[in-house]
Amino acid sequence: MNTEQAAVRYICSLFQGNAGGHDAAHSLRVYRNALLIAEKEGEGDREVIALAALLHDADDHKLFRTEDNANARTFLEEHGVTKIPEILAAVNAVSFSQNRGRRPTTPEGRIVQDADRLDAIGAIGIARAFAFGGEHGRSLDATIRHFGEKLLLLRDGMNTRTGRELAEERHRFMEQFLERYCTETGEGGAVPAESARQGDAG
Ligand code: ADP
Ligand code: NI
């Protein structure tokens, strides 16, 4: 078993019991999106991107009380990975709030951040938003507001050309969804994207 396969196993056990938004399946989608973007962009270190994507939520403060990337670091050390600083730097560059909105400074960070954001938009983004809303006891309309506050803003914040292209389709699909939602609920106009950027883009 190579390190990537071991990382897949590791996150499957780590996220056991988490349904919906933050499960191993999310990290696997981010991994696939990140490798796709890296291939099309022709930049970044593949090993760093793959392991950073797989481990990007392994120390998410919403789920784990670890410090200093302890889960990811321990896994990487136990598997004799040499690029630990690069991988953890990419992991830590992904979170929008932790970095006060600054763009990641490395191609690996930019690619994994785009991959994570892609999973928050489109059909999968809609599914995750309602799963999050349900988990937190929010009404459907409260979750719909999250689209205007955050999800409709993600497209314009993408770092890579490939990320932007993939985000474009997903963005349009969300707009169509919102339009229908408003038609069916009798609320008229679609949800506007807020002009001010805010919220945690992951
Ligand atoms: P990640 O760390 O994987 O980027 P987050 O922890 O920010 O993701 O959010 C997990 C999922 O829950 C995302 O799909 C996000 O859009 C959704 N989410 C976060 N906050 C809200 C909210 N207030 N209402 C609805 N969905 C939300
Ligand atoms: Ni994530």
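Predicted model: local features only at pLDDT ≥ 70, side-chain atom pairs only at ≥ 80, totals over all residues.
1. Residues are numbered from 1 along each chain as its sequence is written, chains are lettered from A and ligands numbered from 1 in the order in which they are written, and side-chain values use heavy atoms, with hydrogens and water left out.

2. Of the 14 residues around ligand 1, the ones that come nearest are His22, His26, Lys62, Asp116 and Arg138; "around" here means a heavy atom within 4 Å. Helix α7 (residues 122–135) gives the largest share of that shell, 3 residues. Helices are DSSP runs (H or I, at least four residues), numbered from the N terminus.

3. On polar contacts (N or O pairs within 3.5 Å; within protein, one atom must be able to donate a hydrogen and the other to accept it, and residues adjacent in sequence count only if both atoms are side-chain atoms), an oxygen of ligand 1 sits 2.9 Å from a polar side-chain atom of Asp116. For the side chain of Asp57 the distance is 3.2 Å, and for that of His146 it is 3.4 Å. The protein covers 90% of the 550 Å² of accessible area that ligand 1 has on its own (Shrake-Rupley, 1.4 Å probe).

4. Asp57 and Asp116 turn up again at the nickel ion (ligand 2), where the protein donors are His26 (NE2), His56 (NE2), Asp57 (OD) and Asp116 (OD), at 2.1 to 2.4 Å. Donors are N, O and S atoms within 2.8 Å of the metal (3.2 Å for Na, K and Ca); water is not among the atoms, so the site may look incomplete. Along the chain the donor spacing reads H-x29-H-D-x58-D.

5. Ser27, in helix α2, counts as buried because its relative accessibility is 0%. Leaving out residues up to four places away in sequence, Ser27 touches Ile11, Phe15, Ala53, Leu54 and His56, with contact meaning heavy atoms within 4.5 Å.

6. Helix α3 (residues 46–55) is mostly covered, with 8 of its 10 residues buried, including Ala53 and Leu54. These buried residues pack against α1 (3–14), α2 (24–41), α4 (70–78), α5 (84–94) and α6 (107–118). Asp45 caps the N-terminal end of α3, with a side-chain oxygen 2.9 Å from the backbone nitrogen of Glu47.

Definitions and conventions:
Helix = DSSP H or I, 4+ residues; strand = E, 2+ residues; numbered from the N terminus. Buried < 20%, exposed > 50% of the residue type's maximum accessible area, 1.4 Å probe, protein only.
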